[in-house]
Amino acid sequence: MPIFFKSFHTRPQNTGRRITALLTAFALTAALVGCASAGDAAASASTSEIPSSSVSEVQESTASEAWYTFEDSLGNPVVLQEQPQRVISLMGSYAETWMLAGGELVGVTDDAVDERNLQLSEDVKIIGTQHSPNLEEILGLSPDFVLLSADIDEHLQLAETLEKAEIPHAFFKVEYFDEYLDMLKICTDITGREDLYQQNGLDVQDQIDQVLAKIPEAGDDKPTVLFLRAMTTKAKAKSGDNMTCKMLEDLGTVNIAAQDPSLLEDLSMEKILMDDPDYIFAVPMGDTEKSLQALKDNIESNPAWASLSAVQNGRYVILPKDLFHYKPNARWGESYEYLAKILYPDLFE
């Protein structure tokens, strides 16, 4: 969970950012790698002579003078010397969270439009995909803050270049609602929109709490579920490391893949038949039509499929992508209620 170090000071706003260091790093040739000048060596020697306590004091002084500081999802300290005006998000979900916090963007990856259908101004530039962001286009936008995903290797690699260019950036990891709430808090702190933290965060938390308050204490007699992610070539069972599985767990169900982890590697129809879950949920990924067709060809076509209790009782449910594949963000409460109505129809008429 991110740790916040709030530090606000009145500073002149400066929307221009120096990207000379980044451009220099981008243009470095292999011949220069590993070479150090005598001046560099002297500087290094001089730095090594500074007591660690003095270095710490300098870092603390820099942070105390900053406009806002916080710790990102990887534990990195993030220091903003002024309120960001040119923000880039390399993930559509995070672009939406920034907008829910009242922020504006100058650059996003294509999933912000293609998958999340965000309503962006014509001035916002598409700078590649979330797994292949265009570094040159990022530099050309002169960002003063970049939102990155801690789960994407390409973002981890890009961070080194941003660091050299002294461009503030932060890694976020959002799989569960409380992680979304943490990110929204940081974003609304930066934008100064506490009202939007209430509206798009705390009010959503209240909605979730109201749903969970209706769930009965099931004891040992909890509904069993199987959750599948349907891809264009196959389907995979998921367990506790998935946001929908976490919601199902919060709603008092038992995931058969958590009880039998071998299902996570091999989606064996024999084992599914043995466990015979009360409910089977599936969510398509990528091309929805192709993913659902692959589900029919690879899973539903098995003659044993029709004998499952969930199939016979109409409890095999295809879930909508916008609530259960993409991060629902301000609609997280809607996602919980959607599942609750299926699991406990008498309580959620």
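The model is predicted, so local features need pLDDT of at least 70 and side-chain atom pairs count only at pLDDT 80 or more, while totals for chains, interfaces and linings use all residues. Residues are numbered from 1 along each chain as its sequence is written, and side-chain values use heavy atoms, with hydrogens and water left out.

Let us begin with the whole chain. It has 17 helices and 15 strands; these are DSSP runs numbered from the N terminus, with helices (H or I) of at least four residues and strands (E) of at least two. Of its 349 residues, 43% count as buried. Buried means under 20% relative accessible area, exposed means over 50%, and partly exposed lies in between (1.4 Å probe, protein chains only). The accessible surface of the chain comes to about 17,900 Å², worked out by the Shrake-Rupley method with a 1.4 Å probe. Carbon and sulfur atoms hold 48% of that surface. Among contacts (heavy atoms within 4.5 Å) between residues at least 6 apart in sequence, 65% join residues at least 24 apart.

Now find helix α9, residues 194–213. Helix α8 (residues 177–191) packs with α9 at an angle of about 160°, and their axes are 9 Å apart. Here an axis is a line fitted to C-alpha atoms, for helices over the stretch in contact, and angles run from 0 to 180 degrees between N-to-C directions. The two helices α8 and α9 are therefore roughly antiparallel, a label for angles over 145 degrees, just as under 35 is roughly parallel, 65 to 115 roughly perpendicular and the rest oblique. On the α8 side, the contact is made by Phe177, Tyr180, Leu181, Leu184, Lys185 and Thr188. Among the α9 residues that take part are Leu196, Tyr197, Asn200 and Ile208. Sorted by class, the contact of α8 with α9 has nine nonpolar, four polar and one charged residues. Ala, Val, Leu, Ile, Met, Phe, Trp, Tyr, Cys and Pro count as nonpolar, Asp, Glu, Lys and Arg as charged, and the others, Gly among them, as polar.

Helix α9 also packs with helix α17 (residues 332–343), at an angle of about 15° and with axes 8 Å apart. That is why α9 and α17 are roughly parallel to each other. In this pairing, Val204, Gln207, Ile208, Val211 and Leu212 of α9 meet Trp332, Gly333, Glu334, Tyr336, Glu337 and Ala340 of α17. Their contact has seven nonpolar, two polar and two charged residues.

Next, look at some backbone angles. Most residues other than glycine have a negative phi. Asn117, however, is not a glycine and has a positive phi of about 55°. Asn117 sits in the loop between α5 (111–114) and β6 (125–126), and is exposed, with a relative accessible area of 53%. Asp276 has a positive phi too, near 40°. Its place is the loop between α13 (269–275) and β14 (279–284), where Asp276 is partly exposed at 26% relative accessible area.

Helix α13 also holds Leu273, which counts as partly exposed at 34% relative accessibility. Which residues does Leu273 touch, not counting those up to four places away in sequence? They are Ala304, Ser307 and Leu308. Leu273 and Ser307 are 34 residues apart along the chain, yet their C-alpha atoms are separated by 8.2 Å.
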